[in-house]
Protein chains: 2
Amino acid sequence: MTALPLPGPIAPPPRLLMGPGPISAYPSVLRAMSAELVGQYDPFMTATMSETQELYRRVWATQNDATLLIDGTSRAGIEAAMVSLISPGDRVLVPVFGRFGHLLAEIAERAMAEVHTIEVPWGQVFPVSAIEEAIVRVKPHLLGVVQGDTSTTMLQPLDEIGAICAKHGVLFYSDATASLGGNPFEADAWGLDAATAGLQKCLGGPSGSAPITLSERAVELIRSRSKVEAGIREEGDQDAADFIRSNYFDLGMILDYWGPRRLNHHTEATSMLYGARECARVLLLEGRENAIARHRLHGDAMLAGVRGLGLVVFGDAAHKMTNVVAVAIPEGVAGDAARSALLDDFGIEIGTSFGPLHGKVWRIGTMGYNARKDAVLQTLASLETVLRRLGASVPAGGGVDAAMDVYGSAPSAHAPGGA
Amino acid sequence: MTALPLPGPIAPPPRLLMGPGPISAYPSVLRAMSAELVGQYDPFMTATMSETQELYRRVWATQNDATLLIDGTSRAGIEAAMVSLISPGDRVLVPVFGRFGHLLAEIAERAMAEVHTIEVPWGQVFPVSAIEEAIVRVKPHLLGVVQGDTSTTMLQPLDEIGAICAKHGVLFYSDATASLGGNPFEADAWGLDAATAGLQKCLGGPSGSAPITLSERAVELIRSRSKVEAGIREEGDQDAADFIRSNYFDLGMILDYWGPRRLNHHTEATSMLYGARECARVLLLEGRENAIARHRLHGDAMLAGVRGLGLVVFGDAAHKMTNVVAVAIPEGVAGDAARSALLDDFGIEIGTSFGPLHGKVWRIGTMGYNARKDAVLQTLASLETVLRRLGASVPAGGGVDAAMDVYGSAPSAHAPGGA
């Protein structure tokens with residue numbers, strides 16, 4: 001090997017992350033990430049795992065015993081739910097209203113499901129009746145719905161779907177990666193059998209850990225498909241014929257690791273566990289309802305602000321997520337040049353888009369730690385300047401003024417926690 | 001939800017982790033874990049990903065372009081390699097000499113391979129001839145071998161196996177989780193097609209990121225099985241009939257994310273990336289050969305030390321890993337009581353064991369940051385005290401004296417980096 005020079009310690013540039021996620025983490029979450037490691041079965045470690053489960057039960061609003069973390073990004077949580085709940089040949093229904101609906105369908109296909117999709121144009125959500133009609137027609141084993149799809153900024157109402165699934169004997173799964181913590185989510189009240197998320201959106205942490213919660217019905221199904229490694233097999237352990245086609249994502253084994261059996265599976269990602277714990281703690285210290293209200297307030301301010309700059313907002317505003325807005329790139333402005341100027345000169349990141357919206361809209365987030373007044377106002381002031389320098393005609397101060405009006409009329413403009 | 005009181009910030013107890021891993025991370029790795037996040041396609045992020053790939057090429061001793069990280073624990077790396085390289089029905093051969101051989105077989109079974117194993121008693125490794133004989137008999141598509149199996153502390157020699165695999169047209173995969181960085185590993189010179197690891201052993205980081213390297217032949221096979229998500233599909237993308245049965249572990253997609261196409265897949269776990277980068281940087285700053293020599297020195301000192309305490313070492317000493325030793329629990333000493341006393345009173349963790357060795361041996365590690373003199377001597381002095389208090393007859397100072405003799409005769413006793 002040639003002895004190339006080695007780089008120095010990691011030294012990220014200053015960034016205010018106002019895209020669709022990942023976003024800047026809560027300072028206290030970053031501090032938690034650097035806490036000292038302990039052993040896998042240290043009483044402190046197992047107590048921290050149990051404590052984190054209890055915190056996430058409150059985040060998810062559930063009594064589900066089976067509430068834990070998957071060691072991987074949010075997509076790992078989705079796949080763990082899918083491969084553990086779907087057997088090859090099972091029918092799966094996915095209402096697709098953006099990129100992440102396609103992802104659910106894709107992951108179900110990989111799990112060898114018979115996948116059925118229904119679609120609405122990007123920028124819309126499904127009426128509940130359309131989902132029920134498809135359930136009656138397809139008779140799926142599992143319904144998989146994204147709650148908030150950042151690709152379109154739409155939030156699918158889920159509150160009436162659980163009852164419909166229960167009526168038709170369908171397992172109800174939702175991917176709440178982009179919405180949890182900044183939009184209402186009630187795992188038990190809404191009748192969810194499984195839900196997964198990530199840390200890098202409203203929960204204000206780094207990507208790499210996926211909170212998941214499972215109903216008793218889901219756990220029963222998973223338990224019926226168990227397979228135990230030869231290396232740690234105990235008397236009485238038997239393999240199901242229909243075993244889960246993944247070891248890493250076998251939720252039965254993962255439950256035995258997190259549960260009282262503490263049966264060795266992977267080595268829990270300790271630093272990510274610390275980070276995930278702190279994300280939940282910050283949210284619960286603020287209060288779930290307060291955090292959602294804060295996301296709504298700063299999301300409303302950003303929405304008013306971009307409109308105040310004369311920008312056209314994409315999608316059905318009545319079903320927009322609190323924490324992200326998509327705006328049409330103005331005629332004559334090079335979208336990527338504007339994003340680069342914001343990033344390079346102002347240290348502010350906003351997002352580009354996927355699929356049919358690629359090159360047509362920017363996506364601007366206000367989530368987690370960055371759902372706060374100074375972040376919203378800095379972004380609007382900087383965006384105004386950049387647009388003007390790129391030749392667009394924008395009202396001077398129009399963005400900040402409109403946002404200020406929202407703040408002025410709001411009952412309170414409290415700051416995020418986790419500082 | 002009941003408003004239960006919330007716990008405080010994470011505050012782990014002081015621990016010196018001298019088990020088989022996870023071990024205490026290098027201080028500089030913990031610092032890297034708390035660095036500020038940047039966006040997924042920030043030029044700094046993509047440059048850091050590329051830089052980390054280059055660092056790991058040097059760690060693996062490879063020119064493989066396809067050298068990157070899997071976002072999950074070491075087991076995620078194993079599964080990514082297996083599901084991407086094995087099609088259902090493929091024959092896979094696994095020489096099993098400990099628990100983690102069983103794990104490779106188990107993961108291959110989940111990937112629907114036709115799995116063949118050969119076994120030696122725990123505490124031994126395979127002669128190369130036994131592996132070749134099995135290759136000729138089984139004619140596998142892939143050979144999967146653990147390099148260092150911490151369950152037995154044995155290190156399987158791999159240097160002659162690549163040539164045998166090449167002769168018989170067999171893909172050669174090794175799981176180097178527990179050995180990489182503290183024992184020799186030469187991906188190119190030894191003819192590896194795939195190798196995976198984790199951070200939580202000799203690399204001195206937290207669990208949660210799995211370095212992987214793939215030969216051109218492996219990449220070609222993976223490319224022939226590609227499937228692209230509908231949500232990000234571009235013209236010319238086509239699905240193979242024999243697509244990989246996992247989205248999260250589809251190495252083709254992961255390569256397109258890490259490679260020049262930068263095609264969106266998961267959201268890279270930024271903090272784990274920072275940590276993995278620092279693990280490699282610390283290793284390379286010390287020098288690969290120096291780090292291995294340090295692991296050997298302190299492993300030898302620990303080996304001499306436990307023998308100096310009159311303890312019997314398990315397994316074939318000629319094939320022991322540098323970084324972990326298994327010692328028989330002395331007659332009349334309650335193994336778990338001794339481990340608890342070490343942990344609770346001295347803050348030192350040593351390991352228990354799995355399977356046939358459960359309750360019979362302790363496993364003591366000297367790896368990563370903890371492959372150092374003070375850690376070895378503290379452990380030996382504390383273990384001596386605990387054994388005596390539990391009624392065992394141990395020579396006073398026998399462990400430390402024997403370790404000191406090793407240090408005294410060694411050319412140098414340098415300290416680890418990353419402070």
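Trainee: How do β8(A) and β9 of chain A pair, and over how many bridges?
Mentor: β8(A) pairs with strand β9, residues 194–196 of chain A, in the parallel sense, and three bridges join them. Keep in mind that this is a predicted model.

Trainee: Which residue stands opposite A:Ala194 in β9(A)?
Mentor: That is A:Tyr173.

Trainee: What sheet do these strands belong to?
Mentor: An open sheet of seven strands in chain A. The order is β2-β10-β9-β8-β5-β3-β4, with mixed pairing.

Trainee: Which strands are at the edges?
Mentor: β2 (66–70) and β4 of chain A. Each of them pairs on one side only.

Trainee: And how far are neighbouring strands turned against each other?
Mentor: By 15 degrees on average, with direction ignored.

Trainee: Now chain B. What is the strand order there?
Mentor: It reads β2-β10-β9-β8-β5-β3-β4 (chain B), an open sheet of seven strands with mixed pairing. At its edges stand β2 (66–70) and β4 (114–119) of chain B. Each has a single partner strand, so one side of each is left without a neighbour in the sheet.

Trainee: Which way do β5 and β8 of chain B run, and how many bridges join them?
Mentor: They run parallel, joined by five bridges. β5 covers residues 142–146 and β8 covers residues 171–175 of chain B. Look for B:Val146 opposite B:Asp175, and B:Val145 opposite B:Ser174.

Trainee: What about the pairing of β8(B) with β9 of chain B?
Mentor: Parallel again, over three bridges, with β9 at residues 194–196 of chain B. There B:Ser174 stands opposite B:Ala195.

Trainee: Is β8(B) enclosed or open, and why?
Mentor: Largely enclosed by the rest of the structure, because five of its five residues are buried.

Trainee: Which way do its residues point?
Mentor: B:Leu171, B:Tyr173 and B:Asp175 point one way from β8(B). B:Phe172 and B:Ser174 point the other way. In a regular strand, side chains alternate between the two faces of the sheet.

Trainee: Switching to helices. How many residues of α4(A) are buried?
Mentor: 12 of the 12, so the helix is largely enclosed by the rest of the structure. Among them are A:Phe100, A:Leu103, A:Leu104 and A:Ile107.

Trainee: What do they pack against?
Mentor: α3, β3 (91–96), β4 (114–119), β5 (142–146), β6 (148–149) and β8 (171–175) of chain A.

Trainee: What length should α4(A) span?
Mentor: At 1.5 Å a residue, its 12 residues should span 16 Å. The end C-alpha atoms are 17 Å apart, which agrees.

Trainee: Which residue follows, and what is its phi?
Mentor: A:Met112 follows α4(A), and its phi is positive, near 65 degrees.

Trainee: On to the two chains. What rotation superposes A on B?
Mentor: One of 180 degrees, with 0.0 Å of shift along its axis and an RMSD of 0.0 Å. That is the relation of a two-fold axis. In chain A, A:Gly72 comes closest to the rotation axis, at 2.4 Å (C-alpha).

Trainee: How many residues make the contact?
Mentor: 72 from chain A and 71 from chain B. On the chain A side, the largest share is 10 residues, from α9(A). That side has 32 nonpolar, 21 polar and 19 charged residues.

Trainee: Do the copies meet through the same surface, or through different ones?
Mentor: The same surface, because 99% of the interface residues of chain A are also interface residues in chain B.

Key. Residues numbered from 1 in each chain as written. Chains lettered and ligands numbered in written order. Predicted model: local features only at pLDDT ≥ 70, side-chain atom pairs only at ≥ 80, totals over all residues. Contact = placed C-beta atoms within 7 Å. Helix = DSSP H or I, 4+ residues; strand = E, 2+ residues; numbered from the N terminus. Nonpolar A, V, L, I, M, F, W, Y, C, P; charged D, E, K, R; others polar. Least-squares fit on C-alpha atoms with pLDDT ≥ 70 in both. Expected span 1.5 Å × (residues − 1). Buried ≥ 20, exposed ≤ 12 C-beta atoms within 10 Å, placed from the backbone. Pairing = 2+ DSSP bridges. Axes fitted to C-alpha atoms, helices over the stretch in contact; angles between N-to-C directions.
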